[in-house]
Amino acid sequence: MIDSVKCSESPSSNPIGFIGLGVMGQPMALNLARAGTQLIVWNRSLAATESLRVAGASVAASVKDVFEHARIVILMLVNEAALDAVLRRGTPEFAALVTGRTVVSMGSNSPEYSRELAAAINEAGGRYVEAPVSGSRKPAEAGQLVSMLGGEPDTIMEVRPLLAPMCCETVLCGPVGSALLMKLTVNLFLNTMLAGLAEAVHFADQHGLDLSKLKQTIDAGPMDCDFTRVKLPKFITRDFAVQAATSDAYNSTSLIAAAAREAGIASPLLDLSRALYGESVAQGHGRLDMVSVITAIEARTLALGAKAPRP
């Protein structure tokens, strides 16, 4: 059964660990600190911790220090390799870190990996919750992310209130693996929708339409939403400053495609969108915002011999 709750609970007074202060992790951790959560943070790049220190968080010298001082540790890491590296999985240090601790992974990984990680943590005497989030940097800054939770019910109930400063809503999805499957489902819609919006903007631009009029038309109609209000201006002004990276979109579509193939599910729109994100990454746009997918569409137009896109 899927349940949801608006995030109105108070933050915990117990120390919470937070590891991974990237595009999403930094604003998420800042919202925790500013809400009064006692926080101890670590990041591979020390510079990213300064804003957290100013906000009142303690900065750990190592991952080990975080786990020594916090019983619950949130991880917002880019991929499975980063998770394994931070947790020292496959080494004796892994059990020393996670025994007696609750690990909360808020990044996007494959459901199968999450199940394997949960089993390893449980075997070592720890607990695990997967809590991937839906949203990009702006919702992260505003504390308006949506988190999907998977794990043991009692562990989820302990973790859930702690997410309130970061997430406007949490959704209970079931056992470990189900939350990440839900995240992949949401991202299937998100990634194909963004690629479709990019193609619409390119179509209008190639026909010489005023893109501000396109925005006006969409804003006034049934397709208006927070997503189009954020992404359309970025397309129009060619603003590729990262909110959600193209490489992350490509990785997400790859995870979705793998899950679809494993289940014998057709995913035609997803497969085309994945190809476009991959082409944008190949152009060197991986760390730009995912709206850079429009450059892959423009390149396909050029290959047909049509006119060049706007500068």
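Where is Gly 264 placed? Gly 264 sits in the loop between helix 12 and helix 13.

## The model and its confidence

This is a predicted model, in which local features need pLDDT of at least 70 and side-chain atom pairs count only at pLDDT 80 or more, while totals for chains, interfaces and linings use all residues. Residues are numbered from 1 along each chain as its sequence is written, and side-chain values use heavy atoms, with hydrogens and water left out.

The term pLDDT denotes the predictor's confidence in each residue, from 0 to 100. The chain averages a pLDDT of 93, and 94% of the residues score at least 70. Over residues 1-12, however, the pLDDT is below 50. Beyond near neighbours in sequence, this stretch has 33 contacts in the model, a contact being heavy atoms within 4.5 Å. Where pLDDT is low, the predicted coordinates should not be read in detail.

Two packed helices are described by the angle between their axes and the distance between the axes. Helices (H or I, at least four residues) and strands (E, at least two) are DSSP runs, numbered from the N terminus. Axes are lines fitted to C-alpha atoms, for helices over the stretch in contact, and angles run from 0 to 180 degrees between N-to-C directions.

Helix 9 (residues 178-206) packs against helix 12 (residues 246-263) at an angle of about 120°, the axes being 10 Å apart. Helix 9 is therefore oblique to helix 12 (angles under 35 degrees count as roughly parallel, over 145 as roughly antiparallel, 65 to 115 as roughly perpendicular and the rest as oblique). The crossing of these two helices is left-handed, a term used if the near helix is turned anticlockwise from the far one by less than a right angle, with right-handed used if clockwise. On the side of helix 9, the contact is made by Leu 184, Asn 187, Leu 188 and Asn 191. Helix 12 contributes Ala 249, Ser 252, Thr 253, Leu 255, Ile 256 and Ala 259. The residues of this contact divide into 6 nonpolar, 4 polar and no charged (Ala, Val, Leu, Ile, Met, Phe, Trp, Tyr, Cys and Pro count as nonpolar, Asp, Glu, Lys and Arg as charged, and the others, Gly among them, as polar).

## Helix 12 and helix 13

The axes of helix 12 and helix 13 (residues 268-285) come within 9 Å and cross at roughly 145°. This crossing is left-handed. Residues of helix 12 in the contact include Thr 246, Tyr 250 and Arg 261, while those of helix 13 include Asp 271, Arg 274 and Tyr 277. By class, the contact of helix 12 with helix 13 holds 7 nonpolar, 7 polar and 3 charged residues.

Gly 264, in the loop between these helices, counts as exposed because its relative accessibility is 68% (buried means under 20% relative accessible area, exposed over 50%, partly exposed in between, with a 1.4 Å probe and protein chains only). The C-alpha atoms of Gly 264 and Leu 181 are separated by 15 Å, and these residues are 83 apart along the chain.

## Helix 9 and helix 14

Helix 9 also packs with helix 14, at an angle of about 50° and with the axes 9 Å apart. This angle makes helix 9 oblique to helix 14. Their crossing is right-handed. Among the residues that meet are Leu 194, Ala 198 and His 202 in helix 9, and Val 293, Ile 297 and Thr 301 in helix 14. The contact of helix 9 with helix 14 has 7 nonpolar, 3 polar and 2 charged residues.

Leu 288 lies in the loop between helix 13 and helix 14 (293-303). With a relative accessible area of 29%, Leu 288 is partly exposed. Not counting residues up to four places away in sequence, Leu 288 touches Phe 240, Val 242, Ala 244, Ala 245 and Thr 246.

## Two arginines with positive phi

Most residues other than glycine have a negative phi, and most peptide bonds are trans. Arg 88 has a positive phi, near 55°, and lies in the loop between helix 4 (80-87) and helix 5 (92-98). Its relative accessible area of 36% makes Arg 88 partly exposed.

Arg 238 likewise has a positive phi, near 55°. The loop between helix 11 (226-237) and helix 12 holds Arg 238, which is partly exposed at 24% relative accessibility.

Ile 121 belongs to helix 6 (residues 111-123). Ile 121 counts as buried because its relative accessibility is 0%. Leaving aside neighbours within four places in sequence, Ile 121 is in contact with Phe 94, Val 98, Val 103, Gly 126, Arg 127 and Tyr 128.
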